[in-house]
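Below is a short briefing on selected features of one model. Please look at the sequence and structure first.

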Amino acid sequence: MANVLSGKEVAEALNQKMIADVEALKEKGITPCLAILRIGERDDDISYERGATKRCEKIGVAVKNVLLPADVDQATLMAAIDDLNKDDSVHGVLMFRPMPEQIDQDAACEALDPAKDIDAVGRGSLATVFVGKGAGYAPCTAQACMEILKHYNIETRGKRAVVIGRSLVIGRPVAMLLMHANATPTICHTKTVDTAAIAKEADILVVAAGVMRSVGAEYVRPGQTVIDVGIHFNEETQKLAGDVKFEEVEPIVENITPVPGGVGSVTTSVLVSHVVDAAKKKAGM
């Protein structure tokens, strides 16, 4: 039986640290502020916004909501982003994607100041991830994977890491973060030959394939740590499921994150931690 790595425990530890940091900032007259820029009324955006707002309230971070209509034009959106860039009271900006088809999403993402880009929507933030230094932040889900490994004292130095998935949202960034933590990462993707055999060689296996229950027992061996990034609604069971077949993999490996209750539980706390960190940088702390 594997150790089940609870994301809720990691999130609570992050929350307690942030509460202390926010108290220190407020003693200096600074209230960290997250601006949420949402276009239209997508249910998933609203749900995430609600969760982020609730977490901010718990930590003591202010929230500024900027809501634009679904038919907004490019100029209006760019003006809103420019206003947020210039607003000294705003320390971080969460900008929802995908954007409506009339919007040049790449232009909008590149317009956001990397110092306020807390979920790495622009190339400036991704450059920070790949170089290892700069003004930007890592994508929150990729950082959440690293926070779980850190919290549970899972050694990365000198370890073989395999990441299944090469997206710029999770796959490639988390591979770079693992490399910065002195692991040796390999990225597998849809054109990789015999991904299962490569995955079995890993000490740390991060599954971000985006395909529900696609990784089973044939991908793993004893002693591994498996981080399941996937989250899907399984129509058959009417429950949430990950990219990993938990019931097959859990009896074999040493550590595994559950779905739900794993990586997703940490992501919102990471988002808020980036806002707090941006406020600390501005305050010279």
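The notes below cover a sheet, a helix and a histidine.

This is a predicted model, in which local features need pLDDT of at least 70, side-chain atom pairs count only at pLDDT 80 or more, and totals for chains, interfaces and linings use all residues. Residues are numbered from 1 along each chain as its sequence is written, and side-chain values use heavy atoms, with hydrogens and water left out.

- Strand 2 (residues 33-39) runs parallel to strand 4 and is joined to it by four bridges; I36 has L94 of strand 4 as its bridge partner.

**Helix 5**
- In helix 5 (residues 123-131; helices are DSSP H or I runs of at least four residues), S125, L126, T128 and V129 are buried, that is, under 20% relative accessible area with a 1.4 Å probe, protein chains only.
- These residues lie on the same side of helix 5 because they cover an arc of only 150 degrees around the axis, taken from the directions from the helix axis to the C-beta atoms.
- R123 and V131, on the face turned away from the buried side, are exposed (over 50%).

**H232**
- H232 is part of strand 9 (residues 232-234).
- H232 counts as buried because its relative accessibility is 18%.
- Its side chain reaches the backbone nitrogen of M212 at 3.5 Å.

Conventions: Helices (H or I, at least four residues) and strands (E, at least two) are DSSP runs, numbered from the N terminus. A polar contact is a pair of N or O atoms within 3.5 Å; within protein, one must be able to donate a hydrogen and the other to accept it, and residues adjacent in sequence count only if both atoms are side-chain atoms. Two strands pair if DSSP finds at least two bridges between them.
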